[in-house]
Amino acid sequence: MEAGYCRYNPLFSKVDRLGDCVLEGLSDRLSGVVRNLTGKGRVSEGVLDETLREIRMALLEADVHVSVVTALVSGVRERALGEAVLKSLSPGQQVIKIVRDELEKLLGAGENRQIDFAPKPPTIIMMVGLQGSGKTTTAAKLGLSLKKTGRYPYLVPADVYRPAAIEQLVRVGTAAGLNVYNHDGSATPLEICRTGILEARRKGFDTVILDTAGRLHIDETLMGELTELKKELAPKEILFVADSMTGQDAVRSAGEFHKALGVSGVVLTKMDGDARGGAALSIRHVTGVPIKYLGVGEKTSELEEFHPDRLVGRILGMGDVLTLIEKAEETIDQDEAVALEKKMRKNQFSLEDFRSQIRMVRKMGPLSGIVSMLPGMAQVKDADLDSDALVRVSAILDSMTNRERQQPQILNGSRKKRIARGAGRSVPEVNRLLKQFSQMKRMMKQARNIQKGKQGRSKLPFFGK
Amino acid sequence: MALGGIKKLFRGLTRTRESLTTSLQTLVGNRPVDEETLEDLEVDLLAADLGPTLTREVIDALRVQAKKGSLSTADLRPALKELLMADLRDGKQEDRVVRSDGRPHVVFVVGVNGSGKTTTIGKMAAREKGAGRSVMMVAADTFRAAAIDQLERWSERSGADFVSQREGADPASVVFDGLQAARARGTDLVLVDTAGRLHTKVNLMAELEKLTRVARKVIDDAPDEVLLVLDATTGQNGLNQAKNFTKAATLTGVVLTKLDGTAKGGVTLGIRRELGVPVRMVGVGEGLDDLLDFDAEAFVDGLLGTAQDPS
Ligand SMILES: Nc1nc2c(ncn2[C@@H]2O[C@H](COP(=O)(O)OP(=O)(O)OP(=O)(O)O)[C@@H](O)[C@H]2O)c(=O)[nH]1
Ligand SMILES: Nc1nc2c(ncn2[C@@H]2O[C@H](COP(=O)(O)OP(=O)(O)OP(=O)(O)O)[C@@H](O)[C@H]2O)c(=O)[nH]1
Ligand SMILES: [Mg+2]
Ligand SMILES: [Mg+2]
């Protein structure tokens with residue numbers, strides 16, 4: 001998990017230099033908090049805030065605007081307190097669930113992301129955005145994608161400022177088998193668009209995609225040009241094309257474009273890189289309009305539909321943790337888990353209980369990290385888990401009778417020999433398991449005491465490498 | 001820096017200043033720095049794309065000073081500036097090299113898609129031509145549609161020589177031809193325009209590395225410089241970009257473009273800190289003369305929204 005996250009965390013290598021655990025990957029950090037939360041039966045608001053601080057860091061690292069982060073985190077906090085998360089069995093997981101819910105909600109889960117077509121053709125779609133965000137490329141991509149769904153699109157290059165902008169669209173469009181309005185760029189953008197639309201009408205195209213020049217949101221003249229285009233041409237869709245690598249400025253630029261034009265949708269480009277895409281949250285937050293597509297490559301075919309849930313995982317950099325939680329939620333029998341925890345508390349934990357616990361772990365598959373989600377096993381570090389050991393231990397436990405598991409003290413030499421043979425292991429291995437089991441019980445007792453005071457971390461038997 | 005340049009930069013910075021009335025600007029009077037002031041400042045730094053880690057470090061350092069009682073609100077601005085400048089000052093950027101041995105000075109311009117590479121080359125060419133040097137552009141972006149035409153337009157505007165092959169040609173062969181021509185002609189400066197590529201694409205980064213190898217075949221020690229063109233609106237991903245690009249072709253500097261917008265480019269502080277790669281130039285518009293040398297103090301003032309009106 002750690003390694004997976006480092007790929008996304010640009011500052012990770014500073015960990016060594018600064019010795020600052022704050023810089024650890026979110027997954028790791030969060031599972032740490034989750035461990036703390038699950039390890040304690042009841043937790044305080046302080047621990048909740050600790051979780052939220054980590055989430056805040058992760059969102060900032062992913063370039064979500066600081067004000068959006070603050071709003072999000074306080075919303076999550078309120079919900080967590082309102083839903084009495086702290087009294088639940090697994091508060092950490094629930095907090096993360098709330099975060100995920102909130103992020104998906106903000107990204108528009110379940111909303112309509114289809115292009116809005118005019119009842120009377122042609123439907124006019126205008127691409128707008130900052131310089132270099134990907135408008136021209138996306139215009140061609142969108143044309144191709146709509147053509148595949150049976151539309152008949154016409155591309156109109158209306159960028160008369162950037163050198164060779166018209167050639168660019170003519171070439172990518174033509175190469176993709178699309179029709180492009182070819183002109184010499186001597187007219188004004190408004191004239192070009194008007195003529196282009198007339199051409200489209202005349203030739204029977206039902207969709208016109210206008211590619212406009214990149215511009216800064218603070219450039220009054222050029223923003224005025226766009227508002228004029230909007231007024232005169234009444235486009236059905238105005239798509240704000242934004243680079244997914246954008247940082248904090250996304251709030252400002254998207255906000256100003258929206259204020260001036262009332263954009264109808266967003267396309268997030270260059271998602272084929274490793275940008276976490278927090279800008280998407282910022283843009284949604286200020287515009288409230290749907291993210292309609294993702295650009296995932298330079299090729300004209302590389303346009304994808306947008307899925308809020310996938311982006312949430314990416315923003316949080318915690319796909320692993322989420323999967324883990326889902327799995328755990330699916331597989332762990334909550335009642336069984338509660339009963340086990342109770343036994344541990346009362347120090348009535350038997351080999352039989354140990355066996356059901358291992359079964360729960362194995363049901364969830366060979367994923368590391370799951371053990372830490374089990375009550376009472378909060379301190380096991382992912383790396384400590386050796387799944388071969390799990391199989392070996394299970395085999396030995398399975399070869400015991402019920403009574404032997406309840407009362408291990410009756411295990412004499414011949415019983416052990418029988419168990420070893422049944423499990424395909426050796427007698428010393430059976431002995432080691434028994435010894436480690438009694439150590440484990442001792443440790444649980446200690447852990448109960450420790451939990452009242454400070455957190456301690458010790459290894460569980462069998463799982464150590 | 002020419003007066004026009006200062007005005008232009010200031011234009012960018014004024015916008016910056018308008019964009020956020022930073023907590024530094026609204027501080028009045030002189031009182032001990034409290035936690036609330038620090039929190040406001042933290043928000044400003046985050047909003048400037050410094051990133052949560054660097055921001056936390058800076059705020060923690062200020063907090064330590066504040067706790068000692070040695071920091072009042074009046075000292076806050078200089079203290080903060082000092083902290084941020086500390087990283088930028090050391091290892092002063094060298095001047096653009098004018099070679100004495102007569103062989104061409106070779107500059108590779110690299111970066112992710114759409115950051116402003118081709119435009120920056122146009123501006124650099126204009127500037128060097130203006131300083132009386134001979135300049136050649138090499139169109140090694142043979143991939144993106146009309147990239148060659150775009151660069152050619154810039155060569156016409158700036159009066160630089162232009163070497164290209166057709167779209168889809170092998171960029172390595174373009175670099176090879178270009179550098180040979182430059183050596184033969186005794187060109188002072190060669191600017192190689194490379195295709196935009198995301199730093200995560202292994203094959204494209206390998207291609208870039210190959211281009212530098214080809215350059216070395218023609219001219220010993222080439223390229224003399226590899227400039228990463230970074231869009232100022234880029235967030236924390238900029239650090240990943242710099243890390244991966246410098247692995248493929250050792251970076252000698254960053255050109256921070258689109259600083260005429262409202263973004264501050266705070267991620268360059270992290271790049272400087274972690275990789276030691278300095279910002280060398282900034283782009284402040286789409287015109288021929290919209291390129292300035294990097295000025296650390298003006299940049300930090302811009303970040304903090306404390307730029308002073310030069311007029
Ligand atoms: N990797 C990747 N590159 C992309 C994507 N979308 C666009 N690009 C590239 O980004 C660069 C800029 O794209 P353009 O379509 O020219 O951007 P633009 O917004 O039209 O630029 P201006 O017209 O100058 O404002 C080009 O190199 C494109 O190939 C994407 O989804 N992934
Ligand atoms: N406002 C502003 N726009 C800029 C600046 N530098 C470049 N641009 C614009 O950004 C867009 C992309 O610039 P290019 O030079 O084509 O970028 P590139 O990195 O060569 O793009 P690819 O080759 O497609 O990767 C163009 O519209 C430029 O006019 C700048 O400093 N300020
Ligand atoms: Mg364009
Ligand atoms: Mg280019």
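A polar contact is a pair of N or O atoms within 3.5 Å; within protein, one atom must be able to donate a hydrogen and the other to accept it, and residues adjacent in sequence count only if both atoms are side-chain atoms. This is a predicted model, in which local features need pLDDT of at least 70 and side-chain atom pairs count only at pLDDT 80 or more, while totals for chains, interfaces and linings use all residues. Residues are numbered from 1 along each chain as its sequence is written, chains are lettered from A and ligands numbered from 1 in the order in which they are written, and side-chain values use heavy atoms, with hydrogens and water left out.

**Ligand 1**

A residue is near a molecule if one of its heavy atoms lies within 4 Å of it. Around ligand 1 there are 23 residues, of which Gly134(A), Lys135(A), Thr136(A), Thr137(A) and Arg162(A) come nearest. The site is shared between chains, because residues from chains A and B surround ligand 1. Helices are DSSP runs (H or I, at least four residues), numbered from the N terminus. Helix α7 of chain A (residues 135–148) gives the most to the shell around ligand 1, with four residues. That shell has three nonpolar, 12 polar and eight charged residues. In this classing, Asp, Glu, Lys and Arg are charged; Ala, Val, Leu, Ile, Met, Phe, Trp, Tyr, Cys and Pro are nonpolar; the others, Gly among them, are polar.

**Ligand 2**

The shell around ligand 2 holds 24 residues, and Gly116(B), Lys117(B), Thr119(B), Arg144(B) and Glu286(B) come nearest. Residues from chains A and B surround ligand 2, so this site too is shared between chains. Helix α6 of chain B (residues 117–130) gives the most to the shell, with four residues. By class, the shell around ligand 2 divides into three nonpolar, 13 polar and eight charged residues.

| Ligand | Residue | Part of residue | Distance |
|---|---|---|---|
| ligand 1 | Gly134(A) | polar backbone atom | 2.7 Å |
| ligand 1 | Val296(A) | polar backbone atom | 3.4 Å |
| ligand 1 | Glu298(A) | N or O atom in the side chain | 3.3 Å |
| ligand 2 | Gly116(B) | polar backbone atom | 2.8 Å |
| ligand 2 | Thr119(B) | N or O atom in the side chain | 2.5 Å |
| ligand 2 | Gln150(B) | polar side-chain atom | 2.8 Å |

Taken alone, ligand 1 exposes 650 Å², and the protein buries 96% of that. Ligand 2 taken alone exposes 650 Å², of which the protein buries 96%. Accessible areas come from the Shrake-Rupley method with a 1.4 Å probe.

Methods. Helices (H or I, at least four residues) and strands (E, at least two) are DSSP runs, numbered from the N terminus.
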